[in-house]
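The tour goes stop by stop.

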Amino acid sequence: MFLSHALSHRAHLGNSPENQVPVDYGMFCYWKESERVFWMAVYIYVTVLIASAIPGSAAGQAISRPATLAELSWAAEGDISDEQRSQAQLRLRDHFQWMEDHLPPQWGRFDLKERGEWVFQTMHAQLLTGKYDEDQNSLSEALLNGNFNCVSATILFQVLADHAGLPTMAMQTRGHVWCRLLSRPALDIETTCPTWFLLEPHDQNQAPGIQAGDTARTLTARGLAAKIPYNQASIAAGQEDYSTAIQLLDRALTLDPQDPAATKNRLAILNNWAVRCVSQHDCDQALKILKQIEAQSPDDDQVAENRRRIVDTVIDQWCQEGRFADAVRLAQWMREESRHTVRSIYENWIEDAKSRGEWYEAKNALISAMTALSDDPLSVAQLKRQYRHLLPG
């Protein structure tokens, strides 16, 4: 600023003799070589600092969020190979260069909407040349093969818009994301619609993003990247690959711990997984899943009824298999979640042992029952009277 002011002042003075500064050619300053090298180093250092502080052109400006969002997206994809990642990164860098080489000459006079439209049109013309695929969430697939859905298209548009210096924000409603350009007024952009800027306002108003209104939720870069494993988890759950679905949701929640949809889906998938395990008589796995459900949301009313049915089914199954001790422990843990009581399980155990002629096992089961029910004197008295023939003396 001071340099430009001095230059403008000098230009104002002109070249008239009265304004010229006399030069004394009789005086020279000879610097030592060491001093000259030192001051040249200082000059270079200061020049670099000044250059780094001056904003570059919109297309060439390097800012942190594009790389951060892209890197988060690579990480969120999980199973992407190093070769795929390298190819996708190269494709992205090539498009950055293409944008810089083909930037409109009047770019500085474009308003934000016009700049956003240019970035949007070049994205669909140069990159998203495949087809809309509801299950295609990954940035790498969008870059390498041109296929996209609302997640991958919104991530890519934000990366490109940021590279062009455009302020944007990712938005979310149930089952859908899109991009909002922070112009005045703000402009919502449905990134999956190649003709979005050609639509009449009435048609644009029918888009899910516009219809969402105040119910829309803003997404951070981490939250947007988290939609990749979130959607992959929904696909895996639909294929009943519950283990993979939970792993993907855990990755999504690592990126965006505050996403209520991911938390809710995780609970629902755990519940469905446990129900399937029970139907397949895999009660041990069902019990492990129940522990995960309890750890995540022990008081959720939506899964409480299913939890009771699962507990009852597991206890029934274990009693049929003679695993009475395991059934007792589960009934004690889920005391309020089952129609079975600790006493009823012990009674089944004793009767089963008697039917097999295992009187010693029956006596031990009775003694264990009285110990477990020691805080219920009435039940203990009833058991003694019911099985007095098993008691000594």
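**Stop 1: glutamine 172**

Select glutamine 172. Glutamine 172 sits in strand 1, residues 168-173. Helices (H or I, at least four residues) and strands (E, at least two) are DSSP runs, numbered from the N terminus. With a relative accessible area of 11%, glutamine 172 is buried. Buried means under 20% relative accessible area, exposed over 50%, and partly exposed in between, with a 1.4 Å probe and protein chains only.

Before moving on, note that this is a predicted model: local features need pLDDT of at least 70, side-chain atom pairs count only at pLDDT 80 or more, and totals for chains, interfaces and linings use all residues. Residues are numbered from 1 along each chain as its sequence is written, and side-chain values use heavy atoms, with hydrogens and water left out.

**Stop 2: the whole chain**

Zoom out. The protein chain has 18 helices and four strands. Of its 393 residues, 40% are buried. Take the contacts between residues at least 6 apart in sequence: 58% of them join residues at least 24 apart.

**Stop 3: leucine 224**

Now select leucine 224, in helix 10. Is leucine 224 buried or exposed? Its relative accessible area is 0%, so leucine 224 is buried. Show its surroundings. Leaving aside neighbours within four places in sequence, its contacts are Leu69, Val151, Thr154, Ile155, Gln158, Ala170, Val177 and Leu219.

**Stop 4: helix 10 against helix 11**

Select residues 221-238 (helix 10) and 242-255 (helix 11). Their axes come within 8 Å and cross at roughly 170 degrees. Axes are lines fitted to C-alpha atoms, for helices over the stretch in contact, and angles run from 0 to 180 degrees between N-to-C directions. Helix 10 and helix 11 are therefore roughly antiparallel; that label applies to angles over 145 degrees. The contact residues comprise 13 nonpolar, three polar and two charged. Ala, Val, Leu, Ile, Met, Phe, Trp, Tyr, Cys and Pro count as nonpolar, Asp, Glu, Lys and Arg as charged, and the others, Gly among them, as polar. On the helix 10 side, look for Arg222, Pro229 and Tyr230, among others; on the helix 11 side, residues including Tyr242, Leu248 and Arg251.

Glutamate 240 is in the loop between the two helices. Its phi is positive, about 60 degrees, although it is not a glycine. Glutamate 240 is partly exposed, at 45% relative accessible area.

**Stop 5: the largest pocket**

Centre on Arg174, Gly175, His176, Tyr230 and Asn231, which lie nearest the centre of the largest pocket among its 25 lining residues. A pocket is an open set of points on a 1 Å grid over the protein atoms alone, where a 1.4 Å probe fits, with protein on both sides within 12 Å along at least five of seven lines; lining residues have an atom within 4 Å of a point. Helix 10 gives the most to this lining, with five residues. The lining divides into eight nonpolar, 10 polar and seven charged residues.

**Stop 6: a cis bond**

Finish at proline 185, in the loop between strand 2 and strand 3. A cis peptide bond joins arginine 184 to proline 185, with omega about 0 degrees.

Note on methods. Angles under 35 degrees count as roughly parallel, over 145 as roughly antiparallel, 65 to 115 as roughly perpendicular and the rest as oblique. Contact means heavy atoms within 4.5 Å.
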